[in-house]
Every structure is written in structure tokens, then in C-alpha cells.
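Here's a quick briefing to read with the structure open. Take a look around first, then come back for the notes.

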2 protein chains.
Amino acid sequence: MDVRVNLDDFIKEFAENCENVQRKYYKKNQIITTYIQKRNQICVLLKGEADLVRYDFNGARSIIEHYTAGDFFGEAFYIVSVNNELSVEAKKNCEVLLFSYDNLYGDCKYDCKYGCKYHDMLKENFSKIMVDKMKALNTRIEILTKRTIREKLLGYFNILSTRKLSKSFTIPFSLTDLADYLSVDRSAMMREIKNLKDEGIIEKDGNLFTLLTF
Amino acid sequence: MDVRVNLDDFIKEFAENCENVQRKYYKKNQIITTYIQKRNQICVLLKGEADLVRYDFNGARSIIEHYTAGDFFGEAFYIVSVNNELSVEAKKNCEVLLFSYDNLYGDCKYDCKYGCKYHDMLKENFSKIMVDKMKALNTRIEILTKRTIREKLLGYFNILSTRKLSKSFTIPFSLTDLADYLSVDRSAMMREIKNLKDEGIIEKDGNLFTLLTF
DNA sequence: AATGATTTGTTGCTTTTGCAACTGAAATAT
DNA sequence: ATATTTCAGTTGCAAAAGCAACAAATCATT
């Protein structure tokens with residue numbers, strides 16, 4: 001099993017066969033879960049797109065991670081030491097599997113006709129999932145430590161380009177959200193994108209970007 | 001076993017009794033390890049202080065984590081997706097335990113007169129250690145997403161204050177290093193610290209800070 | 001105790017960023 | 001099909017941050 005699970009092979013069967021799991025539906029802009037209730041919830045996004053966001057005390061929004069079908073999220077992966085409100089927001093209509101970490105590691109007291117074979121698989125791969133989360137956090141830190149908007153943009157573009165093995169790539173969210181992900185002012189970011197275009201460093205067609213240098 | 005291990009109860013015994021482990025000494029400013037060689041190394045800092053740092057392509061230094069005695073570090077906890085040079089630098093003379101992740105999970109082919117009881121303990125607690133690492137990463141992200149130096153400083157001070165359960169606390173490194181941790185220019189940070197003092201928001205005596213507001 | 005290296009503290013100047021405000025385009029809902 | 005909301009793109013201006021350079025203080029080493 002890959003860290004980013006194969007839906008066909010694993011999750012669908014899990015959702016259909018293990019009674020110890022909830023399947024829920026969320027509409028666009030609904031909050032799927034918040035990370036303040038110490039529920040140790042584990043979630044798998046089956047369909048749709050969602051963001052893990054933080055709202056600062058002064059209202060500034062910051063996107064921590066972006067999820068697509070097959071991604072794991074939930075409090076269990078994201079224990080935080082500081083007092084801040086984290087929540088997962090549906091960006092499109094979403095279908096989500098929900099179960100708890102305690103449930104996963106503790107005794108399964110419910111009837112589970114497959115003997116929790118799916119729980120066991122998750123258990124075994126929990127550390128792999130954690131490692132994947134760590135990668136995402138490290139990636140974000142790498143970008144946030146860049147000191148200028150230009151470097152943040154280019155750093156992020158390079159990561160997307162490397163992932164796609166192509167000079168061209170689409171950003172996984174709107175430009176407004178990209179600013180929140182890079183943690184910079186949107187208009188300042190737009191200005192910098194314009195500069196990069198004018199200087200012939202990137203090309204942009206909607207959300208499709210191309211790196212012209214290397 | 002706590003995530004930040006109790007040296008007396010665990011590590012010292014481990015170091016003395018398990019033959020599958022190396023103990024090494026590093027002088028101040030020496031590089032303890034780099035995260036590019038895929039050695040899956042796990043390290044425990046027995047004595048001294050060290051920083052996990054990244055050097056940008058243009059030379060900008062950035063402190064990711066700060067370690068004191070009892071902390072775990074090493075590639076195994078810090079797998080990164082992007083191409084950047086991470087290294088752990090001794091800030092003082094250090095004593096370090098070294099062993100490998102593969103060794104931990106694979107069969108222990110060496111003689112280990114305690115039957116690798118220590119390895120087993122680590123194995124069991126690996127996910128806890130990972131969670132601790134995640135906390136550290138999340139803390140750093142929380143600070144880095146703040147948009148001004150003032151907010152970064154106050155955010156970090158609040159975390160230190162909360163940890164110590166006191167309005168007064170000492171920063172765990174020099175002001176120069178603090179700037180690298182917050183990923184900002186040192187002189188600009190000093191200016192902002194001065195502003196905070198002048199406005200009666202903080203007090204500062206060397207590396208001892210006090211938050212005057214709440 | 002003297003020397004050299006590092007850290008702290010400060011300042012002038014320039015560049016970058018954030019803020020506010022607005023327009024047109026695109027998407028969504030009625 | 002039209003109204004409404006969201007998103008993209010711009011700009012002027014003010015505030016913040018970075019850069020460079022230097023002196024004073026502190027720390028470390030011989």
C-alpha cells in the first residue's frame with residue numbers, strides 16, 4: 001500500500017466492509033473537521049478537494065495543506081502544541097471516511113466482519129503515512145523560510161515542476177489560495193508574478209505555469 | 001517512556017549495553033550529520049546542543065530545529081521531498097548516540113546481550129517520536145506564517161512563555177540564531193525588539209525576555 | 001591578561017511588501 | 001438569462017524589511 005492509498009484496492013472495500021467506520025458527505029465550503037476537540041480522528045478523502053487552514057487571531061488565513069482524493073488527514077496526524085484554530089474546509093463537494101485513532105490502536109469492540117483486516121493494514125502503514133505528512137510539512141517550511149515573495153513563488157514552482165517531471169504544471173488551487181499558502185499578500189504576489197512574466201522567467205496561462213529557466 | 005527520553009532511565013543503559021549502537025563525540029561547530037546520504041540514521045543527543053540547519057542556494061541560513069540533551073534527530077525523522085542541504089551542527093561540544101532505522105526495524109544480526117530490548121522500546125515508541133517531530137514542525141510553521149517580524153517574535157515568545165508557564169523565559173539560542181529560526185534579517189529583528197521594548201510590550205535582559213502584556 | 005572572534009546593538013538607505021481600493025472577468029446561484 | 005458572488009489583475013501609497021556597514025560589548029583561546 002502506498003502512503004497515498006489506492007482507492008480502488010483498499011479504501012472502497014474498507015468503507016463498504018468495516019462497520020467501524022463512518023462515511024460522510026460535505027458540500028463545498030462546509031467545514032469537515034476542526035482540530036481542537038481531541039477526538040483523534042483519522043479521515044480519508046474519497047472524493048472532492050479540501051484544505052487544511054488556520055485562521056490567525058487577527059483573521060489572516062493560511063493554507064497548511066491541500067488534499068485531493070486518497071489523502072489522509074485528521075487530528076491524529078496533526079497534533080499541535082500551540083493554541084490555534086485549525087480546520088479542514090471542503091473546496092468542492094466531498095466524500096469522507098471517518099474513524100478514530102484510538103479505535104485503530106485500541107481493541108476493536110465493534111463487530112467488524114472482516115476482523116478489522118483494514119484496520120490492521122492502516123495500523124501497519126501508520127508510520128508511512130506520518131512520514132508522508134512530515135514531507136508535506138517540510139516542503140511547506142522550505143517555502144516559508146524563503147525571504148522574498150519571488151523566492152517563495154519560484155521555490156513552490158520548482159517543487160510542482162519536479163513532481164510533474166515537467167516545466168509546465170498547474171497550481172492545485174486558485175491564486176488567492178496560493179497567496180494564503182505562501183503566506184503573503186495577494187496583490188503583492190500578483191505583482192511579483194507579473195514581474196516574473198515580464199522578465200521572461202515564467203509563462204502563465206490561467207492556472208497553468210511554465211518555468212522558462214533552469 | 002516519554003518522547004523526549006529520560007536519559008538516566010533509558011539512553012545511558014542503551015548506550016552502554018547495546019552493541020548495535022555507536023557513541024560519538026563532536027566539538028563545537030562540527031557537523032554531526034547531513035541528511036543527504038540516505039543512511040536512515042537515528043541520533044540521540046546525550047550531551048551538548050545542536051541545530052538542524054538548512055543553507056539556501058544563495059547561502060541564507062535557516063535554523064529548523066534546536067536540540068538539547070535527550071532529543072532525537074536524524075534522517076529517519078526528517079525525510080524531505082525537495083533537494084536541499086540539511087545538516088545538524090554542534091553548537092557546543094556534543095555526545096551523540098547513532099544507530100540506523102533499518103537496523104531498528106530489520107533483524108538485529110549483531111550480538112546484543114540485552115536481546116535488543118532497547119531497540120524494541122524505540123520501535124514501539126517510534127510513532128510517538130514522530131508525533132513529537134510533527135509538533136516541532138507545526139510550531140515552526142505557525143511562526144513562519146506570521147507576516148511581520150513583530151508577530152513572529154511575539155508568536156515565538158508566547159510559545160516559550162507557555163512552555164515555561166511563566167512570563168519570563170530565555171531563548172534557547174543567540175539572537176543571531178533567533179533571526180535564522182524566524183527566517184528574517186537580524187538587524188530588522190533587532191530593530192523590532194527595540195520597538196517592543198520601547199512600547200513596553202516586552203522586557204529584555206540579555207537572553208532573558210519577559211512578556212509584559214497578556 | 002591580551003588577542004582575536006563572535007555577538008549585540010544601531011543607523012541610513014533602498015527595496016520589498018502590505019494595505020486599500022477599484023475594475024473587469026469568470027463562476028455560481030436564482 | 002440575469003443577478004450575485006468570487007477571483008484575477010492593477011495601482012498609489014505607506015509601512016516594513018532587507019542590506020551594508022560600523023562600533024561596542026561579550027566570549028573564547030592562547
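Is Tyr181(A) buried or exposed? Tyr181(A) has a relative accessible area of 9%, so it is buried. Keep in mind that this is a predicted model. The notes below start with the rings, then move on to the DNA.

**Around Tyr181**
- Phe173(A) pairs with Tyr181(A): the ring centres are 5.6 Å apart and the planes sit at 45 degrees, so the pair is tilted.
- Phe173(A) is buried too, at 6% relative accessibility.
- Tyr156(A) joins Phe173(A) and Tyr181(A) in a cluster linked by ring pairs.
- The charged end of Arg140(A) sits over the Tyr181(A) ring, 5.0 Å from its centre.
- In chain B, Arg140(B) lies over the face of Tyr181(B), 5.0 Å from the ring centre.

**Other ring pairs**
- Searching the whole structure turns up 12 aromatic pairs over all chains.
- One of them is Phe157(A) with Phe209(A), with centres 4.7 Å apart and planes at 35 degrees, so this pair is tilted.
- That pair ties helix H4 of chain A to strand E11 of chain A, with the two residues 52 apart in the chain.
- Phe157(A) and Phe209(A) are both buried.

**At DNA strand C**
- DNA strand C is surrounded by 17 residues, which split into 5 nonpolar, 5 polar and 7 charged.
- H6(B) supplies the largest share of this surface, with 5 residues.
- On the phosphate side, a polar backbone atom of Ile149(A) is 2.5 Å from a phosphate oxygen, and a polar side-chain atom of Thr176(B) is 2.9 Å from a phosphate oxygen.
- For base contacts, look at Arg191(B): an N or O atom of its side chain is 3.5 Å from a base oxygen.

Note on methods:
Residues are numbered from 1 along each chain as its sequence is written. Chains are lettered from A and ligands numbered from 1 in the order in which they are written. This is a predicted model: local features need pLDDT of at least 70, side-chain atom pairs count only at pLDDT 80 or more; totals for chains, interfaces and linings use all residues. Side-chain values use heavy atoms; hydrogens and water are left out. A residue is near a molecule or strand if one of its heavy atoms lies within 4 Å of it. A polar contact is a pair of N or O atoms within 3.5 Å; within protein, one must be able to donate a hydrogen and the other to accept it, and residues adjacent in sequence count only if both atoms are side-chain atoms. Helices (H or I, at least four residues) and strands (E, at least two) are DSSP runs, numbered from the N terminus. Ala, Val, Leu, Ile, Met, Phe, Trp, Tyr, Cys and Pro count as nonpolar, Asp, Glu, Lys and Arg as charged, and the others, Gly among them, as polar. Rings of Phe, Tyr and Trp (its six-membered ring) pair if their centres lie within 6.5 Å; planes under 30 degrees apart count as stacked, over 60 as edge-to-face and the rest as tilted. Buried means under 20% relative accessible area, exposed over 50%, partly exposed in between (1.4 Å probe, protein chains only). A charge sits over a ring if NZ of Lys or CZ of Arg is within 6 Å of the ring centre and within 35 degrees of the ring normal.
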